[in-house]
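Hi everyone, thanks for coming. I'd like to walk you through one structure today, so let's get it up on the screen.

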Amino acid sequence: MRRKRKKLERGTLITIERNNTIAAEQFRSIRSNINFASVDRRLRSIVVTSSSAGDGKTMTATNLAIVFNQEGKKVLLVDADLRRPKVHHAFRLENHVGLSNYLIGQKALEDIIMRTYRPDLDLITSGIIPPNPAELLGSRQMSIFISQVMNLYDVVIFDTPPVLVVTDSTLIANQCDGTLLVVRAKKNEVKDVKKAKEQLSFAGANLIGAVFNGKKQLKKNLYYY
Ligand SMILES: Nc1ncnc2c1ncn2[C@@H]1O[C@H](COP(=O)(O)OP(=O)(O)O)[C@@H](O)[C@H]1O
Ligand SMILES: [Mg+2]
């Protein structure tokens, strides 16, 4: 258990630990694409999702938050995967209180915002695992949360659960400026990716692109289009 967590921590922060690799460069190019795509409509709230578990959503969301922060933006990374929260591991932070505690009215916003070791890169962990994540994420309190954090940060990135497993990500995606669909090479079936795309579009999400995550060689296989 301990070892596994250590491995994840070491592997996830590509844009910090291996900042001069192709993988890190790919994250910067995703950032440029998002910045350029924002000419007509600023893309400040971004949902990262995928069709199934283990595709690289958390890894992508975390590194995107870092590269936006590296260009000087005030960034918030939100772990909106209330079912399998993982974002805090990468930053070696605890997940005692977080989004779910806020959504049920137990904590105020300032109580759940955590500072990371990087200035202007804050984190909100998932909080206690609730019995009704979809209900919480689809609530009016969640809409209030989104508008509150958009007033405090330049960019807010949401890590979410898989689209084909639960409705959580679509509930958030339709309230955010843009959604990125992570596609894991050789793992995701085309029909599932299509289905996820359809569900997001149907829910009113603004799909801004796909991130191809290669199986072993992330460094060569992460694209944006
Ligand atoms: N391109 C990759 N190469 C190797 N390992 C990866 C790659 N992308 C993700 N991983 C690893 O795969 C696991 C699942 O990734 P994660 O981001 O947690 O997926 P998700 O959030 O979609 O469930 C993690 O251990 C992560 O470090
Ligand atoms: Mg995840």
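Okay, let's begin with helix H9, where Arg140 and Asn151 are exposed on one side. Keep in mind that this is a predicted model. Now, which residues of H9 are buried? Those are Met142, Phe145, Ile146, Val149 and Met150. They cover an arc of only 125 degrees around the axis, so they sit on the same side of H9. If you're wondering about the general idea, an α-helix has 3.6 residues a turn, so residues three or four places apart point the same way.

How about the length of H9? With 13 residues, 140-152, at 1.5 Å a residue, H9 should span 18 Å, and its end C-alpha atoms are 19 Å apart, which agrees.

Next, the inside. The largest nonpolar core has 33 residues, and among those with the most contacts inside it are Met142, Phe145, Leu99 and Ile124. H9 gives the most to this core, with five residues. Take Phe145: leaving out residues up to four places away in sequence, it touches Val78, Leu99, Tyr102, Leu109, Ile112, Ile124 and Phe158. Apart from that core lies another one, of 30 residues, including Phe27, Ile30, Phe68 and Val211.

Last stop: Asn35, which you'll find in helix H3, residues 22-37. Asn35 is partly exposed, with a relative accessible area of 29%. Beyond its neighbours within four places in sequence, Asn35 is in contact with Phe68, Glu71 and Lys73. Phe68 is 33 residues away along the chain, with 9.7 Å between its C-alpha atom and that of Asn35. And with Glu71, the side chain of Asn35 makes a polar contact of 3.1 Å.

Conventions. Residues are numbered from 1 along each chain as its sequence is written. Chains are lettered from A and ligands numbered from 1 in the order in which they are written. This is a predicted model: local features need pLDDT of at least 70, side-chain atom pairs count only at pLDDT 80 or more; totals for chains, interfaces and linings use all residues. Side-chain values use heavy atoms; hydrogens and water are left out. Helices (H or I, at least four residues) and strands (E, at least two) are DSSP runs, numbered from the N terminus. The expected span of a helix is 1.5 Å times one less than its number of residues. Buried means under 20% relative accessible area, exposed over 50%, partly exposed in between (1.4 Å probe, protein chains only). The arc is that of the directions from the helix axis to the C-beta atoms. Contact means heavy atoms within 4.5 Å. A polar contact is a pair of N or O atoms within 3.5 Å; within protein, one must be able to donate a hydrogen and the other to accept it, and residues adjacent in sequence count only if both atoms are side-chain atoms. A nonpolar core is a set of buried Ala, Val, Leu, Ile, Met, Phe, Trp, Tyr and Cys residues joined through side-chain atoms within 4.5 Å.
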